[in-house]
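Let's take a friendly walk through a protein model, from the whole chain down to a single pair of residues. Have your viewer ready.

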Amino acid sequence: AQIVESGGGLVQPGGSLVLSCAVSGTSRSLYAMGWYRQFPGKKRESIAQITNHTTIYADSVKGRLTISRDITWHTAYLQMNNLKPEDTAVYYCNVVLVRPKGDFGELYDIWGQGTQVTVSS
(Lines give C-alpha, C1' and ligand atoms only; values in the text may rest on other atoms or scores of the structure.)
Protein backbone atom coordinates (compact mmCIF):
# COMPACT_ATOMS: atom_id res chain seq x y z
CA ALA A 1 0.00 0.00 0.00
CA GLN A 2 1.07 3.55 -0.60
CA ILE A 3 -0.19 7.00 0.17
CA VAL A 4 -0.11 10.06 -2.04
CA GLU A 5 -0.72 13.40 -0.39
CA SER A 6 -1.51 16.65 -2.11
CA GLY A 7 -2.88 20.11 -1.43
CA GLY A 8 -0.21 21.85 0.59
CA GLY A 9 1.21 25.22 -0.24
CA LEU A 10 1.41 28.86 0.74
CA VAL A 11 -1.68 30.63 2.03
CA GLN A 12 -2.31 33.95 3.73
CA PRO A 13 -3.51 34.13 7.33
CA GLY A 14 -7.24 33.57 7.46
CA GLY A 15 -7.16 31.56 4.26
CA SER A 16 -8.12 27.97 3.53
CA LEU A 17 -6.53 24.85 2.12
CA VAL A 18 -7.69 21.31 1.48
CA LEU A 19 -5.25 18.45 1.86
CA SER A 20 -5.99 15.08 0.32
CA CYS A 21 -4.63 11.62 1.09
CA ALA A 22 -5.16 8.82 -1.41
CA VAL A 23 -4.43 5.19 -0.52
CA SER A 24 -3.69 2.70 -3.28
CA GLY A 25 -2.17 -0.70 -3.83
CA THR A 26 -4.05 -2.57 -1.14
CA SER A 27 -7.25 -4.53 -0.74
CA ARG A 28 -6.96 -4.63 3.04
CA SER A 29 -9.48 -3.00 5.29
CA LEU A 30 -8.76 0.51 6.49
CA TYR A 31 -9.40 0.99 10.18
CA ALA A 32 -8.64 4.68 10.44
CA MET A 33 -7.22 7.62 8.52
CA GLY A 34 -5.65 10.60 10.17
CA TRP A 35 -3.58 13.73 9.80
CA TYR A 36 -0.53 14.68 11.79
CA ARG A 37 1.72 17.70 11.62
CA GLN A 38 5.29 18.33 12.57
CA PHE A 39 6.90 21.63 13.47
CA PRO A 40 10.66 22.08 12.98
CA GLY A 41 12.52 20.38 15.79
CA LYS A 42 9.34 18.95 17.30
CA LYS A 43 7.70 15.55 17.41
CA ARG A 44 4.92 14.70 15.00
CA GLU A 45 1.51 15.35 16.58
CA SER A 46 -1.93 14.03 15.79
CA ILE A 47 -4.47 16.66 14.77
CA ALA A 48 -7.38 14.72 13.31
CA GLN A 49 -8.50 11.13 12.91
CA ILE A 50 -11.52 9.46 11.37
CA THR A 51 -12.81 5.91 11.78
CA ASN A 52 -16.09 4.25 10.88
CA HIS A 53 -17.58 5.50 14.11
CA THR A 54 -15.98 8.75 15.08
CA THR A 55 -13.81 11.73 14.33
CA ILE A 56 -11.30 13.13 16.79
CA TYR A 57 -9.55 16.50 16.74
CA ALA A 58 -6.74 18.05 18.69
CA ASP A 59 -7.87 21.03 20.76
CA SER A 60 -5.57 23.30 18.80
CA VAL A 61 -7.51 22.75 15.56
CA LYS A 62 -11.10 22.20 16.71
CA GLY A 63 -13.54 24.37 14.83
CA ARG A 64 -11.04 25.23 12.08
CA LEU A 65 -10.10 21.87 10.58
CA THR A 66 -12.43 19.16 9.32
CA ILE A 67 -11.45 15.63 8.38
CA SER A 68 -13.58 13.63 5.98
CA ARG A 69 -13.30 10.65 3.68
CA ASP A 70 -14.86 9.55 0.44
CA ILE A 71 -17.28 6.67 0.16
CA THR A 72 -14.58 4.26 -0.99
CA TRP A 73 -12.64 4.86 2.23
CA HIS A 74 -9.50 5.25 0.16
CA THR A 75 -9.24 9.03 0.17
CA ALA A 76 -9.28 11.33 3.15
CA TYR A 77 -9.42 15.10 3.17
CA LEU A 78 -8.46 17.78 5.63
CA GLN A 79 -10.33 21.03 5.14
CA MET A 80 -8.37 23.78 6.86
CA ASN A 81 -10.06 27.13 7.45
CA ASN A 82 -8.99 30.33 9.16
CA LEU A 83 -5.36 29.30 8.96
CA LYS A 84 -2.84 30.96 11.25
CA PRO A 85 0.92 31.41 10.98
CA GLU A 86 1.29 28.90 13.82
CA ASP A 87 -0.29 26.25 11.57
CA THR A 88 2.84 26.34 9.43
CA ALA A 89 4.21 22.80 9.46
CA VAL A 90 4.66 19.65 7.43
CA TYR A 91 1.39 17.71 7.36
CA TYR A 92 1.41 13.93 7.15
CA CYS A 93 -1.35 11.47 6.37
CA ASN A 94 -1.48 8.30 8.43
CA VAL A 95 -3.54 5.25 7.51
CA VAL A 96 -4.22 2.34 9.85
CA LEU A 97 -4.91 -0.94 8.08
CA VAL A 98 -5.85 -4.43 9.21
CA ARG A 99 -3.83 -7.45 8.20
CA PRO A 100 -4.82 -11.05 8.83
CA LYS A 101 -3.71 -12.39 12.20
CA GLY A 102 -5.63 -14.46 14.68
CA ASP A 103 -9.34 -14.01 15.03
CA PHE A 104 -9.47 -10.23 14.75
CA GLY A 105 -6.52 -9.25 12.61
CA GLU A 106 -3.64 -6.92 13.43
CA LEU A 107 -3.48 -3.17 13.00
CA TYR A 108 -0.53 -1.49 11.35
CA ASP A 109 -0.01 1.93 9.89
CA ILE A 110 1.62 3.60 6.93
CA TRP A 111 2.61 7.22 6.33
CA GLY A 112 2.42 9.65 3.49
CA GLN A 113 5.44 11.62 2.34
CA GLY A 114 4.27 14.83 3.98
CA THR A 115 3.17 18.10 2.47
CA GLN A 116 4.32 21.56 3.50
CA VAL A 117 1.73 24.10 4.62
CA THR A 118 2.98 27.65 5.06
CA VAL A 119 0.74 30.39 6.41
CA SER A 120 2.27 33.77 5.83
CA SER A 121 1.44 37.18 4.48
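Predicted model: local features only at pLDDT ≥ 70, side-chain atom pairs only at ≥ 80, totals over all residues.

Start with the secondary structure: the protein chain has 0 helices and 11 strands. Reading along the sequence therefore gives the pattern β-β-β-β-β-β-β-β-β-β-β.

Next comes the overall shape. The C-alpha trace of the protein chain spans about 50 × 25 × 25 Å along its principal axes. A compact globule with 121 residues would have a radius of gyration near 14 Å, and the 15 Å of the protein chain agrees with that. Of the 121 residues, 40% count as buried, with buried meaning under 20% relative accessible area. The protein chain exposes about 6,700 Å², and carbon and sulfur atoms supply 50% of this area. As for contacts between residues at least 6 apart in sequence, 55% join residues at least 24 apart.

Now zoom in on a sheet. Strands of a sheet pair through backbone hydrogen bonds, either parallel or antiparallel. Here, 4 strands form an open sheet in the order β1-β3-β8-β7, with antiparallel pairing. Because β1 (2–6) and β7 (65–69) stand at the edges with a single partner strand each, one side of each is left without a neighbour in the sheet. From one strand to the next, the twist averages 15°.

Within this sheet, look at β3 (residues 17–24) and β8 (residues 75–80): these strands run antiparallel and are joined by 6 bridges. Which residue in β8 is the bridge partner of leucine 19? That partner is leucine 78.

Conventions:
Residues numbered from 1 in each chain as written. Heavy atoms only, no water. Pairing = 2+ DSSP bridges. Helix = DSSP H or I, 4+ residues; strand = E, 2+ residues; numbered from the N terminus. Axes fitted to C-alpha atoms, helices over the stretch in contact; angles between N-to-C directions. Rg over C-alpha atoms; globule rule 2.2 N^0.38 Å. Buried < 20%, exposed > 50% of the residue type's maximum accessible area, 1.4 Å probe, protein only. Contact = heavy atoms within 4.5 Å. Areas by Shrake-Rupley, 256 points an atom, 1.4 Å probe, with all protein chains shown as cover.
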